[in-house]
Amino acid sequence: MDSTLPAVAEELLKEIKKAFEETSHGTDTFFFRLKFIFGPSAVPALDLVDQRSVTRVTSPSGRTAYQVLGSSGKLYTCYSSCHFCTCPAFGFTVLQKSESFLCKHILAVYLSQAMGACQELAVSEEQLTSILLAEEEDEG
Amino acid sequence: CRGGLAERLCRLQNRERSAISFWRHQCISDAKIPSDKSGVLIVKILEMFEECTIQVAICQQLEQLPATLSSEDAVINAEEPILKVLFARETAGHLKSRPQDVIHIYPPWQKLLLKNTDVPVIMNTYFSQKVLLNEHSEVREKTYGLTKMLIKKNIISLAQTLRLDDLDDELHQESSDNQVACAPQIRNNCDSKQHPLTQSAVNDSLLEMVESQGAVGWREAQVRVVIQRVYCLPAREGYRSHVQGNKPLSMFCRLCLLVQDAYGMFSEVQLQSLSSADDVEQYYRRWEGKFCCLAGMKILQRTTRGRTLGLFSLIDSLWPPVVPVKVPGQSQDSEMMTTDLPPPSFCYILTVQSGEVHVEVDEEEQISNLYQPPAVHGLNEILQIDGCNERCSFWAQVLYLRLQTKHSLPIAQREIWLFVTDSTLQNVVRITPKVVAVSVAASFVLSKEITETLSVASQLVFFKDALWGNGRIICVERTVLLLQKPLLYSAAGADLSELTGPVRLDELDSTTQANSICAVRGTIVGVNESTAFSWPTCDRCGNGKLELCPQDRGLLYCNQCSEVVISPVLKMQLEIFLSCPSRSQSTVKVKVWHEISFAALRLFVLINMLLSLQSYEVQSVLGKEVGLLNCYVHSVTSQPNCVALEEIVLL
C-alpha cells in the first residue's frame, strides 16, 4: 500500500501556500490539521518560521540546500532532494524509530516555503560544498 | 510559545485538548451514545496499518446503524463509499480498534481530498468512539483484549519529498523504492527494424548526453557505445523496506552493462532485473563486444574511484583502450585520436526510465574494434601478479567446493570456497601451490545452474574478471562464471591445455594454511575413541537417518525413498592422530570417513573393522600406515602445534 501521510502533508502545505499567497494569513483549520499530522513537531516548526530561521542557500550551478538556525543556536543543514536533516532528532525519531517522517527543521523548511518566509543566500560552489560536507567532517 | 504562528497554534491546541478530555470523560460516565447524531460519521474498519505514529484505517462509511444489528449483519455493500480515516496515536490507543469494528466519529472532524484519488481522508478524529453492538461482540472484545494485534507499519521513504508547486503529477519526483520493478523487454535489433527508436541523430559521447540532461530533446537523443562487459549485480536497493529477514538476497539481481563510448569514457548501465543469474550468460554471448544505442537514460549516480573500487578495478583492466579514441574538443581528424590518456577517475551509473525501450543492441553487426575481450592467464601467472585489486580471468578445474559455515547467516548468504587447479599448476614441479582457493563472496550472485553442476562432478569453469588481491582470488560483483569457454578471449602464451592424469594435491607441510586442501600420509599414533561412530545409510539416496521398518523390526526403512533398504551402506567416522614426516612437529588430527557397502563385504571382515574401531581393538589400528588421504584443513594452530583436517572426496 502506498504511503498516505506524505500525500496528506503535501496537500496541507499546498493549501497553506495558497491561503498565504492570497491573504497572507492562514485559518485555524490549517493549524488544527498541521497539529494532527505532525504532532509535537508542529509548534516548534511554526516557532522557527516565526523567527525566520530558515535560509535557502543556492550556488551558481543551481544546487540548493537549506540551513535552519535551531532553537539552541546551532545551525542545521537540510537537503532539498530528499528528507534529511543533520539534527539529532532526525537521526533518532525519523531514522531509528520511524515515529515521524520529518523533523521540526524540515517541516519549518516546508512551512517557510509555503508562507514565503524563507531567507535567501547565494554562495559559491565551494561554499555550498563545504556546507554539505561540514557535517561529515564533524563526525569523522 | 513565543508570539506569532506558534503561539496561535498553542492556544488552539490547548482549547482542543480540553475539549477532547471533556468529551472522553462524558463518554465514560454516560454509557449511552449521545443522541445528537448530526455530523457523526459512522464507519466500519476494513483494513488497518500504521505510518509514523498515525494509524490509518481503510473504512467503509455506513449510512446508519440500528442498535439491534450485529456487526456481521452490517455486510459490506459495494456501493457505500470508502474512506481513509487517520487516528492519532492517543486516539488509537484509546479505541483499540480492529478490522470489522464500527466507529462513530463525532465532530469536529476534518475531511481532505487528495488529487488523483477518490478516497477522501478523514482526520482530526479525536472524538471517536467504538460501538459495541451486542453481547457476542462484547465477548469477542474480551478475548481480543488478551491477544496483542500486530499492525503493519508502512515505512515512509526519505526520497519522497513534498512539492508545493502546482505542477502536473507526472513531474513529481518518483520514489526510488520501485527501482527493481522489471523494465519492459529490451528489444534486439530484429524488432528495431520494424520499430526504430527515433530518427534523431546518434551521438557518440556519453558525457555530452549526461550533461544535456533536462535540456530540450535529450530524451530522444541516442548515444552509440560499445558493450565491454555484461554481468549482473545483486539488486539490494529498493528492497530494504520490503525484505523480510530470511529472504535470500541472491535471488534478485539485475542485468548490467559496462559500456564505453568513442571518447573512451565508461558508464555502467543498470537494466532490468533478472529472475536468475543463469540468464546473464545468454546476454553475455549475444551482446558483449557489440555496439548499442542508449537513449533517455536516467543518471543514478556519478561515482569516483575511491567510492566504487570494484567498478574501477574492472575499468582499469580495460585501460588503455586497444584502439585510439577521440579527444574531446578537438576536430575529429584521425591525427587527433590517441590511446595515451590517463585512466578514468569518474564514471556515471545510468539506469533505464521505466516504461520505455532505451537500449538497442546491434546483435547482427560485428564485434567492435574497441572491445577488449578478457585476457586469460594460467593460474601460475595470476599467483605472481604484484598488485592488489586486479581483475583476472582464467580457466580452471574445480576440485572441491566448501560452504563456509557461519551459522548466524542463512545459507544463501554464506561464502563458498572453490578449490581449483589447472595444468600450469599441476604439470610442473615447482614451489607454487598445486591448488588455489577461490572464495565466492556472499554478495556474488551464483547461478543455480553452476551451483548444481559443481556439486555433482568436477567441472572446468571459466572465471571471467575475478579479483586478485592479498594473495587470494575472489569472485565479487562484476565477476562472471561460465561453464563454457568464452567466444573471444586473448590468451597470450597461456597454457590452456586440459589436465592429463589424476589431480595431485600439495602434501601437508609447514606452509599449509587453514582453508586449503592437501594430501596427507603418515602413521596412526592415536585414536580418539569417543569420536568413533558408525551408522547405516540408504544405498539409493544416501539418507543417513534410516528407521526401523514398522512391519519387520529387523529391516531398515528409508523415508526419503519410501522403501525398505536391503543393502545399506555403512558409514563410519573416526578421528585419528597421525604422525606425518612432512610436518613432524605438529599433532595432526584427521577426521576420517569410510563407507562400506554391506553387499560388497564379507561379514567377518565387517565385524573385524567395527571391532577395531571400538575400544576393544584400538591396538590393531595403531602403527598402521595411512596412504595419501585428500583432506580439507580446518585449522592450523601454533600453540598447541596442531593441524585439524577432515578427509574429503574430490569432485
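Where is B:Lys96 found in chain B? B:Lys96 sits in the loop between α2 (89-95) and β4. Helices here are DSSP runs of H or I with at least four residues, strands are runs of E with at least two, and both are numbered from the N terminus.

A word on the ground rules before going further. This is a predicted model, where local features need pLDDT of at least 70 and side-chain atom pairs count only at pLDDT 80 or more, while totals for chains, interfaces and linings use all residues. Residues are numbered from 1 along each chain as its sequence is written, chains are lettered from A and ligands numbered from 1 in the order in which they are written, and side-chain values use heavy atoms, with hydrogens and water left out.

B:Lys96 has a positive phi, near 50°, although it is a residue other than glycine. B:Gln100 lies in the loop between α2 and β4 of chain B, and its phi is positive too, near 85°. For accessibility, buried means under 20% relative accessible area, exposed over 50%, and partly exposed in between (1.4 Å probe, protein chains only). B:Lys96 counts as exposed because its relative accessibility is 59%, and B:Gln100, at 38%, is partly exposed.

| Cis peptide bond | Omega |
|---|---|
| B:Pro107 and B:Pro108 | about 0° |
| B:Trp319 and B:Pro320 | about -5° |

B:Pro108 is in the loop between β4 (102-105) and β5, whereas B:Pro320 is in the loop between α7 (309-317) and β15 (346-352).

**Where the chains meet**

Now for the interface. Counting a contact as heavy atoms within 4.5 Å, 51 residues of chain B touch 50 residues of chain A. Together the chains bury about 4,400 Å², 64% of it on carbon and sulfur atoms; buried area is the accessible area (1.4 Å probe) that two parts lose on being put together, summed over both. On the chain B side, B:Leu158, B:Leu162 and B:Leu164 lose the most area to chain A, together 17% of what that side buries.

What about charges? The count between the chains is 1 salt bridge, meaning a side-chain nitrogen of Lys or Arg within 4 Å of a carboxyl oxygen of Asp or Glu. B:Arg89 makes a salt bridge with A:Glu99, with the closest N and O atoms 3.7 Å apart.

Several elements of chain B supply at least two residues each to the side touching chain A, including α1 (5-29), β1 (41-51) and β2 (54-61). The most comes from α1(B), with 8 residues. By type, that side of chain B has 26 nonpolar, 12 polar and 13 charged residues, with Ala, Val, Leu, Ile, Met, Phe, Trp, Tyr, Cys and Pro as nonpolar, Asp, Glu, Lys and Arg as charged, and the others, Gly among them, as polar.

The complex gets an ipTM of 0.89 and a pTM of 0.53. Chain B has a mean pLDDT of 75, and 73% of its residues reach 70 or more; pLDDT is the predictor's confidence in each residue, from 0 to 100. Over residues 65-74 of chain B the pLDDT is below 50, and this stretch has 14 contacts in the model beyond near neighbours in sequence.

**Chain A in brief**

Chain A has 6 helices and 4 strands, in the order α-α-α-β-β-β-α-α-β-α along the sequence. Of its 140 residues, 51% count as buried.
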